[in-house]
Amino acid sequence: MSKPIVSLCMPTNGVIEWVFPVLESIYNQQCKEELFEVVITDNGDNEQFKNKIKDYMNIHRNIVYAETDALPFINEIESYKRANGELIKFVNHRTLMVSGALQKIIEFTTNNREEKPVIYFSNGVIKELDKKVYAFKDFDHFVKNLSYWSSWSTGMTIWKTDFEKLPENVSSFNELFPHTNILFNERARGRYIIDNTIIFNELPQGKKAKGDYDLFGAFGIEYPGIICDLLRDGSITHNTYCYVVNKNLEFIASLYFCYFIRKDYCSYDLTGLKRMYGVFYSKKSLRRKVVIHLLNGCIKRVTARGE
């Protein structure tokens, strides 16, 4: 088989209820299988999954499957290492690909293989972007407009040649946000693109655990630390730093509301909340954002009722 144009990389821990519907959504795109490959790296211990994926590989020859003992988020890097396509697109094992999405990614690759702009598929989550596709001429504006969504792996995309420039030692990546490290590696590219069109739909989580890591330690310390490093080395302006860190606090406030006030089901470790205080955010600043979050929710409900 000749080298594919696009590599769809899906790290997983072997959740059958998620992975196989996602695979079906990919192959239902009706794209020629020689144009793309699906790279699956599995750090789980589900023997039923391992057997089923091998049966699936007998039907679809463009699947690359490998078992790994890599840590949950570093497993993403393991999938990228095995990719052969010109463009590497991360696929979350909980997200179904919408009709036409794969063809869109393939066409983007063929139309941009010479210039190789940095590209992030934000999947409609950045509500501040009223248009579908944005292009920026510098890294600073790219980081600012991505806001805290640069922490989100689902939008991650990288050219194979750019990935090959990265250090092979995984210890150079943040264990929780290796994708953010990769996304921010190219800081002098002539064009940066945020494509905010929807290409994935998330499967319902139900009571199945999405993760068990320290949630507030991740988003309250580790992620703003990455943004601070960009400011420290002069890659972004102080204005961009303040904007992203403030937007990230709004996100943290929404997490606090879900898991401490509304008491939603949660598989994450929430004990890092107190440890977060005094690093980038104070308890007072978080409480202020939570109040604003609650007030905004009330305003939206009143508006929806026409009052």
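The model is predicted, with local features needing pLDDT of at least 70 and side-chain atom pairs pLDDT 80 or more, while totals for chains, interfaces and linings use all residues. Residues are numbered from 1 along each chain as its sequence is written, and side-chain values use heavy atoms, without hydrogens and water.

**Exercise A.** Determine how the axes of H1 and H2 are arranged, and which residues meet.

*Solution.* Begin by locating the helices (DSSP runs of H or I, at least four residues; strands are E runs of at least two, and both are numbered from the N terminus). H1 covers residues 16-27 and H2 residues 47-59, and their axes come within 11 Å and cross at roughly 15 degrees (lines fitted to C-alpha atoms over the stretch in contact, with angles from 0 to 180 degrees between N-to-C directions). H1 is therefore roughly parallel to H2 (under 35 degrees; over 145 is roughly antiparallel, 65 to 115 roughly perpendicular, the rest oblique). Next, look for contacts (heavy atoms within 4.5 Å): Ile 16, Val 19, Phe 20, Leu 23, Glu 24 and Tyr 27 of H1 meet Gln 48, Phe 49, Lys 52, Ile 53 and Tyr 56 of H2. Sorted by class, this contact has 8 nonpolar, 1 polar and 2 charged residues (nonpolar: Ala, Val, Leu, Ile, Met, Phe, Trp, Tyr, Cys, Pro; charged: Asp, Glu, Lys, Arg; polar: the others, Gly among them).

**Exercise B.** Decide whether H8 runs roughly parallel or antiparallel to H9, and sort the residues of their contact by class.

*Solution.* Helix H8 spans residues 215-232, and its axis lies 10 Å from that of H9, at an angle of about 175 degrees. This angle makes H8 roughly antiparallel to H9. Among the residues in contact are Phe 216, Phe 219 and Ile 227 of H8, together with Val 244, Phe 251 and Leu 255 of H9. The contact as a whole divides into 17 nonpolar, 3 polar and no charged residues.

**Exercise C.** Find which residues touch the most other members of the largest nonpolar core, and follow the contacts of Phe 219.

*Solution.* First, a nonpolar core is a set of buried Ala, Val, Leu, Ile, Met, Phe, Trp, Tyr and Cys residues joined through side-chain atoms within 4.5 Å (buried means under 20% relative accessible area, exposed over 50%, partly exposed in between, with a 1.4 Å probe and protein chains only). The largest core has 61 residues, of which Phe 142, Ile 182, Phe 219 and Ile 227 touch the most other members. H9 gives the most to this core, with 11 residues. Setting aside neighbours within four places in sequence, Phe 219 contacts residues that include Ser 151, Phe 177, Tyr 213 and Tyr 281. A second, separate core has 38 residues, including Ile 26, Tyr 56, Phe 108 and Phe 121.

**Exercise D.** State where Lys 116 is found, and whether Ser 147 is buried or exposed.

*Solution.* Most residues other than glycine have a negative phi. Lys 116, though not a glycine, has a positive phi of about 50 degrees, and is found in the loop between helix H4 (101-112) and strand E6 (118-121). With a relative accessible area of 22%, Lys 116 is partly exposed. Ser 147 also has a positive phi, near 55 degrees, and belongs to the loop between H5 and strand E8 (157-159). At 5% relative accessibility, Ser 147 counts as buried.
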